[in-house]
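Please read the points below with the model open beside them.

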Amino acid sequence: MVLLMGTLRLAFNGWWRHLGHFLATRRMALRRAMITLAHLSDVHLAPLPPVRARDLINKRVTGFLNWKIKREHTMAGDGLTKLVRHMREQNPDFTVVTGDLVNLALDAEINTAYNWLETVGPPEQVCISPGNHDAYIKGQLQKAMDRWDGYVMGETVDQHAFPFVRRVGDVAIVSCNSAVPTAPWIAAGRFEEDQAARLARCLKLLGDGGYFRVVLIHHPPFRGATDWHKRLVGSGRIRAVLREAGAELVLHGHTHIDSYAEIDGPDDAIPVIGVPSAANAPGGHKPAARYNLFSIRGEPGAWHCHMTERGYTGPGEAIGVIRERRIW
Ligand SMILES: [Fe+2]
């Protein structure tokens, strides 16, 4: 039996309990069940609620035009509902959503997103890493976090909300936040030094405890992942933390494409996987709606992780398996 010790604070379901030190007894042989983890991203919930003129006197005016010109016809429809239903039929133990639940971060959208989250699963089985659209203008990310509540909570190392940790069997999900308000036409994210220090602490504790560590971040952290205006500012910081402290998997969204990259870890390379938007209709220039399912079992040094991508295979087609890949 290995003990995981540290000074973590448990914040969950609206109540706070300071534990002094965090002590998890685990690693019993009987605990080694396979865990399945589902990954959805970039939901961009449609339709957009009625927008008042005064809501557009800021960056939202460009987002509103972007929605009308580019996204409304590709994101509408019941494709997302069917995809979520299909995903739930696979009975994942836990589901992660890597951001951009909304479009302009209007109060009404934040409410609708909460209702949508309830269709994905209860907060005990679902968590979020926010995206740039969830933080579209100043103050709205905090509003969203207050509303989404248990979906953006977990164990943390201090009073800061990110990163937070959810543990599911031998899997520990570490949700980071790269979402910040930006100028019009900029969709960049940011990863600051203080969050990097907290992430390093979480990963070290969880690594010592023998967990399979899954890091969530909306913006992809590998080099050359996006155009300049969509990049992650501070991506070198998160790569440095991962290189030093290690993780077994990084999941992201933002690009709306399927992607596989690797970044340096302390020993082995760390897989970095992006999933297309969960709401994109088939026939566009980006992949149609998809979700990834990871089956994880094993132990440190001998992990097995298998990924299945499922989604729409073409216009009018059913949801099917698009790719299988061995990750570990
Ligand atoms: Fe995004």
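Against which helix and which strand do the buried residues of H4 pack? Point 2 gives the answer.

1. Basis of the model. This is a predicted model, in which local features need pLDDT of at least 70, side-chain atom pairs count only at pLDDT 80 or more, and totals for chains, interfaces and linings use all residues. Residues are numbered from 1 along each chain as its sequence is written. The average pLDDT (the predictor's confidence in each residue, from 0 to 100) is 89 for the chain, and 89% of the residues reach at least 70. Residues 1-30 have a pLDDT below 50, and this stretch has 44 contacts beyond near neighbours in sequence in the model. Two residues are in contact if their C-beta atoms, placed from the backbone, lie within 7 Å. Where pLDDT is low, the predicted coordinates should not be read in detail.

2. Helix H4. Helices (H or I, at least four residues) and strands (E, at least two) are DSSP runs, numbered from the N terminus. The buried residues of H4 pack against helix H3 (107-120) and strand E7 (126-128). In H4 (residues 140-148) these are Gln140, Leu141, Ala144, Met145 and Trp148. They lie on the same side of H4 because they cover an arc of only 140° around the axis, the arc being that of the directions from the helix axis to the C-beta atoms. Gln142 and Asp146, on the other side of H4, are exposed. A residue is buried if 20 or more other C-beta atoms lie within 10 Å of its own, exposed if 12 or fewer, and partly exposed in between, with C-beta atoms placed from the backbone.

3. The chain overall. There are six helices and 19 strands. Of the 328 residues, 45% count as buried.

4. Strand E14. All of the residues named here are buried: Leu249 and Leu251 point one way from E14 (residues 249-252), Val250 and His252 the other way. E14 runs parallel to strand E12 (residues 212-216), joined by three bridges, and Leu251 is the bridge partner of Leu216. E14 also pairs with strand E16 (residues 270-274) in the parallel sense over three bridges, where Leu251 stands opposite Ile273. Two strands pair if DSSP finds at least two bridges between them.

5. The six-strand sheet. An open sheet with mixed pairing has the order E7-E6-E5-E17-E18-E19. E7 and strand E19 (319-326) are at the edges with a single partner strand each, so one side of each has no neighbour in the sheet. Strand E18 (residues 302-312) and E19 run antiparallel and are joined by seven bridges; Arg310 has Val321 in E19 as its bridge partner.

6. Backbone geometry to check. Most residues other than glycine have a negative phi, and most peptide bonds are trans. The peptide bond from Ala46 to Pro47 is cis, with omega near -5°; Pro47 lies in the loop between strand E5 (35-40) and helix H1 (60-75). Phe162 and Pro163 are also joined by a cis peptide bond, with omega about -10°. Asn91, not a glycine, has a positive phi of about 55° and counts as exposed, with 9 C-beta neighbours inside 10 Å. Ala105 has a positive phi near 55° and is buried, with 27 other C-beta atoms within 10 Å.
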